[in-house]
Amino acid sequence: MHGTFGTMVCVQTVMHVATSMRNRDWAPQSPVQFYGLLALSAFAFSMALLVIRRCLYEVFIKLHYMLALVALIAIWRHIRIQRIFAQIYVLIASGIFVGTTILHWVLLVVRNITRERFGSRAQIIRSDDSVQLIIPVNRPFTVYAGMWVYIWMPGVSPFSMFSSHPFMVTWWEDNSQGKATSISLLVQKKHGFTQKLVDHRADELLTWIDGPYGEPIDLSSYKNVLLVASVIGIASQISYIRELLKSHPKHIFVAWELDDNSNLDWVYQWMDRLLLQDQKSYV
């Protein structure tokens, strides 16, 4: 939805600028035209930054926020003369953004802060090129297969306090009400944050959880299920196997492509528990 609105705004902005320049003389010294062109430049640069989104996400997202703020200020200055309705639109959109941002932060604080705890102390279990994070949940919540969380771990590096990172929930421990009291995440060493996390010497780190995100998918009606994963992709499939075993399908077939046999160490403790659960039905 965000991408669709962004693309629509860019297309409409180009059409508006082209029409305005056709009907009026080119006068960049005019405040109205100057701020209009500044807003257009912010939109264009924001779209151009998409090329670095995958490889430099943290740089991309910070620049994206800055450009959005520049565009908002430029648009407000562009329309502030004799354009009452346009001002109302900008104020409503800004109000929605501020409101949802405040709500997000309130939910984040409620999720992570209690009278006894300020965030969680994530336990770090290392292997050669990965870590398993076991994060206690201060306020238990219901977890379904396929859900993910963003984690904020300021102690990993000097810059990690300015960013959060998404990971699939691979395993969780439930209480008597069926809500997760702890979640486990599987993190493979890549670059940036994950590299610093795997190489870090601490066994525990302060962690905040943002989420969980994702909607449950009902797989109980399926009798034969094929799950396919490569390397770290098994982290998301483990949770589906766990839920499928509750519905007793006829067969579950898992195809997992490994880079190395050491990858098996990532999931053996969870797979052993699933196999014990499967002893009577052998699906």
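Biologist: Which residues of helix 2 are buried?

Modeller: The buried residues of helix 2 are Gln33, Tyr35, Gly36, Ala39, Ala42, Phe43 and Ser46. Buried means under 20% relative accessible area, exposed means over 50%, and partly exposed lies in between, with a 1.4 Å probe and protein chains only. This is a predicted model, in which local features need pLDDT of at least 70, side-chain atom pairs count only at pLDDT 80 or more, and totals for chains, interfaces and linings use all residues. Residues are numbered from 1 along each chain as its sequence is written, and side-chain values use heavy atoms, with hydrogens and water left out.

Biologist: What covers the buried residues of helix 2?

Modeller: The cover includes helix 1 (2-23) and helix 3 (57-79). Helices (H or I, at least four residues) and strands (E, at least two) are DSSP runs, numbered from the N terminus.

Biologist: How do you know that the span of helix 2 agrees with its number of residues?

Modeller: The expected span of a helix is 1.5 Å times one less than its number of residues. Helix 2 (residues 31-48) has 18 residues and should therefore span 26 Å; its end C-alpha atoms are 25 Å apart, which agrees.

Biologist: Why is tyrosine 89 called exposed?

Modeller: Tyrosine 89, found in helix 4 (residues 84-112), has a relative accessible area of 56%, which is over 50%, so the residue is exposed. Tyr89 also belongs to a nonpolar surface patch of about 690 Å², made with Ile84, Phe85, Ile88, Ile92 and Ile96.

Biologist: What makes a group of residues a nonpolar patch?

Modeller: Patches are made of residues with over 30% relative accessible area and no salt bridge; nonpolar side chains (Val, Leu, Ile, Met, Phe, Trp, Tyr) are joined within 5 Å, and like charges within 9 Å.

Biologist: Why is leucine 108 called buried?

Modeller: Leucine 108 lies in helix 4, and its relative accessibility is 12%, under 20%, so leucine 108 counts as buried. Leucine 108 touches Trp208, Ile209 and Asp210, not counting residues up to four places away in sequence; contact means heavy atoms within 4.5 Å. The C-alpha atoms of leucine 108 and glycine 211 are separated by 8.0 Å, although these residues are 103 residues apart along the chain.

Biologist: What makes arginine 126 and aspartate 203 a salt bridge?

Modeller: A salt bridge is a side-chain nitrogen of Lys or Arg within 4 Å of a carboxyl oxygen of Asp or Glu. The closest N and O atoms of arginine 126 and aspartate 203 are 3.8 Å apart, so the pair forms a salt bridge. This pair links distant parts of the chain, 77 residues apart: arginine 126 is in strand 1 (residues 120-126), and aspartate 203 is in the loop between helix 5 (193-199) and strand 7 (204-213). The structure holds 5 salt bridges.

Biologist: Is arginine 242 buried or exposed, and where is its salt-bridge partner?

Modeller: Arginine 242 has 10% relative accessibility and therefore counts as buried. Its side chain meets that of aspartate 174 in a salt bridge (3.5 Å, N to O). Aspartate 174 is in strand 5 (residues 171-174) and arginine 242 in helix 6 (residues 234-247), 68 residues apart. At 34%, aspartate 174 lies between the two cut-offs, so aspartate 174 counts as partly exposed.

Biologist: Which domains does the assignment give?

Modeller: The assignment gives domain 1 (1-82), domain 2 (118-213) and domain 3 (224-279); such bounds come from an automatic or database domain assignment. The centres of domain 1 and domain 3, taken over C-alpha atoms, are separated by 47 Å.

Notes
Areas by Shrake-Rupley, 256 points an atom, 1.4 Å probe, with all protein chains shown as cover.
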